[in-house]
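Reader: I would like to learn how to read strand pairing and chain contacts in a model such as this one. Could you take me through it, starting with the terms?

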Number of protein chains: 2
Amino acid sequence: MLLAERQIIARIRKQVRPFGPIVAGIGDDTAILRFPSNDEILVTTDLCVEDVHFRRQWHPAHVVGHRCLARGISDIAAMGGTPIAAFLSLALPAKLPQKWLDGFFEGFLALAKQFRVTLAGGDIAESPSGVTADIVVLGTAPKGTAIRRSGARPGDFVYVTGQIGGAGGALKMLLFGGKKLKAKDYPRHFYPAPRVAVGQHLRAKKIASAMIDLSDGLSTDLAHICEESAVGAEVMASAIPRARIGPGGRLVDLETALNAGEDYELLFTAPPRRKVPKSIAGVAVTLIGKITRGRKMVLIEGSKRIPLKSAGWQHFQKSK
Amino acid sequence: MLLAERQIIARIRKQVRPFGPIVAGIGDDTAILRFPSNDEILVTTDLCVEDVHFRRQWHPAHVVGHRCLARGISDIAAMGGTPIAAFLSLALPAKLPQKWLDGFFEGFLALAKQFRVTLAGGDIAESPSGVTADIVVLGTAPKGTAIRRSGARPGDFVYVTGQIGGAGGALKMLLFGGKKLKAKDYPRHFYPAPRVAVGQHLRAKKIASAMIDLSDGLSTDLAHICEESAVGAEVMASAIPRARIGPGGRLVDLETALNAGEDYELLFTAPPRRKVPKSIAGVAVTLIGKITRGRKMVLIEGSKRIPLKSAGWQHFQKSK
């Protein structure tokens, strides 16, 4: 059973070490943050709902905490920003074991420490059903430099970091394989790594014209860039860096790499004359396509040109 | 039934008019905000969970939207700040009528417009059970001026704005009266008004030494000030401005005024020589007690001195 709200908050407060410009964190009506005056503030919020975004029988508590914060930090990475502070709202079933909540914060705060992000506030309330966590992350970027979805231009090349489909490949095994997976064997699913250093490099060197993180899947996230930039895109199927997963190192299939989400790699565009490194901060960067004038997305497989539909996850979608 | 996620977002985006320093709102990985360089950023988050914070059979959809945002704006008011931007994360049952969601946004956006707050982002996900809304509000205050809970000193007087117990009085009628209430007859419960102008005046004129908004109830929120300031307090029962509620104008009882929450009036302390107006921005200000050196809270009723316990709402509390 959970401790009383006040005891939970006191316990978390003891574990939090403030980094950076936090004037006041947990314990007042609001947090107070002081940012460099030349910076803009980046704000992102992401919901993690039990049995929608995670399952307690599949995902150990510390993994849920890690994945929850990783989603928020990844959105800051997708702007080329620096994550600063996190706020966490938790709706919890009264019967949740306190040990589960402690594990959640263990994973959450370990990732926060790695990225020097301060947990600066939040809220706790009782949930009539499962766990719901809403994560808010604030970050900064120098004025006018954040990389938006809307900057892609016809002729730009399309790049992706790392390898993709690994998180979704593991999810398919959980959904259809009927057995639990060891978290350490499938790190892309259980411990996704936000690409903060890569995003910052792309911003500081003015390489990327548009950027997004792969949370919904390549086909859907590329569609977001195309919509906001009013452009189309061509993607070469053979160029997509598909992930290898599990102890056997099985290569995920093309459909998974195209449509499964939660890899938290970065998808970006850059003008054709811009020199793009093959690797940034130890992460591979791969050219997979180009931006076109039409508003359509096309997948090129050998000599075939196939319409590429955004087939990633969408809530309340009646049919695909 | 709800529209698909993408259609819901498109519909909201069409309704939002940005005020103030919003460089980018809904539609990118993060919002981008630009604040005056001499300001600090205030951040608050509040959960609204169906059947915990509201019930769909008691509260019309627009009331839920209003109350949800009012909670966040009130926290900014409690610092003496100016609310700027809101972020809203919604976990929604797939079977929720789209009409309910439209009503929710009607109430939410009407209050946002009143306070010139921009809905600048958020998230939407499916909920396996009821509606959960997490509201984040960002505000500003000039550097070093935000009024914190920790500034109360022995000898300071304790003040409260408006009348209190009105929201809780209506809630008790809903809980124990067995019938629905008309929203317009109980505005303190259904349409709470965040005291932004009062808070700003108290900050700008350097009147308040500590402040909090009454969300958990006077006894609990005063305890928060006492804890963070390491002081005690004495409250005169007869001085508490109890609200009149309903068409008959019934005065709420003392217990309700002391312990019921969600009035969103301001509770603040001020040094004894500070001149405190009887009314600020049209809202009454009432002296109800003083801060003491001991760490205890005492209620003075006639010649009796009774220990005042924080008896407001606390989640996961086993017993009171």
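Author: Let us begin with pairing: two strands are said to pair if DSSP finds at least two bridges between them. Please keep in mind throughout that this is a predicted model.

Reader: How many bridges join strand 15 of chain A and strand 16 of chain A, and in which sense do they pair?

Author: Strand 15 of chain A and strand 16 (residues 304-307) of chain A pair over four bridges in the antiparallel sense, and within that pairing Glu301(A) stands opposite Lys304(A) of strand 16. The two strands form a hairpin with two residues between them, and Gly302(A), which lies in the turn, has a positive phi of about 60°.

Reader: Which strand is joined to strand 15 of chain A in the parallel sense?

Author: That is strand 9 (residues 232-236) of chain A, which runs parallel to strand 15 (residues 297-301) of chain A and is joined to it by four bridges. Here Ala233(A) is the residue that stands opposite Met297(A) in strand 15. As a general idea for reading such elements, the side chains of a regular strand alternate between the two faces of the sheet.

Reader: Which strands of chain A and chain B are joined by three bridges?

Author: Strand 2 (residues 31-33) of chain A and strand 3 (residues 39-49) of chain B are joined by three bridges and run antiparallel, with Ala31(A) placed opposite Val43(B) of strand 3 in chain B.

Reader: How many residues does each chain bring to the contact, and what area is buried?

Author: Chain A gives 72 residues and chain B gives 72 residues, and between them the chains bury about 5900 Å², with 54% of it on carbon and sulfur atoms. On the side of chain A, the residues that lose the most area to chain B are Arg6(A), Asp29(A) and Phe316(A), which together make up 14% of what that side buries.

Reader: What rotation superposes chain A on chain B, and why do the copies meet through the same surface?

Author: A rotation of 180° with 0.0 Å of shift along its axis superposes chain A on chain B, at an RMSD of 0.0 Å, and that is the relation of a two-fold axis. In chain A, the C-alpha nearest the axis belongs to Ser37(A), 2.3 Å from it. The copies meet through the same surface because 100% of the interface residues of chain A are also interface residues in chain B.

Conventions:
Residues are numbered from 1 along each chain as its sequence is written. Chains are lettered from A and ligands numbered from 1 in the order in which they are written. This is a predicted model: local features need pLDDT of at least 70, side-chain atom pairs count only at pLDDT 80 or more; totals for chains, interfaces and linings use all residues. Side-chain values use heavy atoms; hydrogens and water are left out. Contact means heavy atoms within 4.5 Å. Buried area is the accessible area (1.4 Å probe) that two parts lose on being put together, summed over both. Copies are superposed by least squares on the C-alpha atoms of residues with pLDDT of at least 70 in both.
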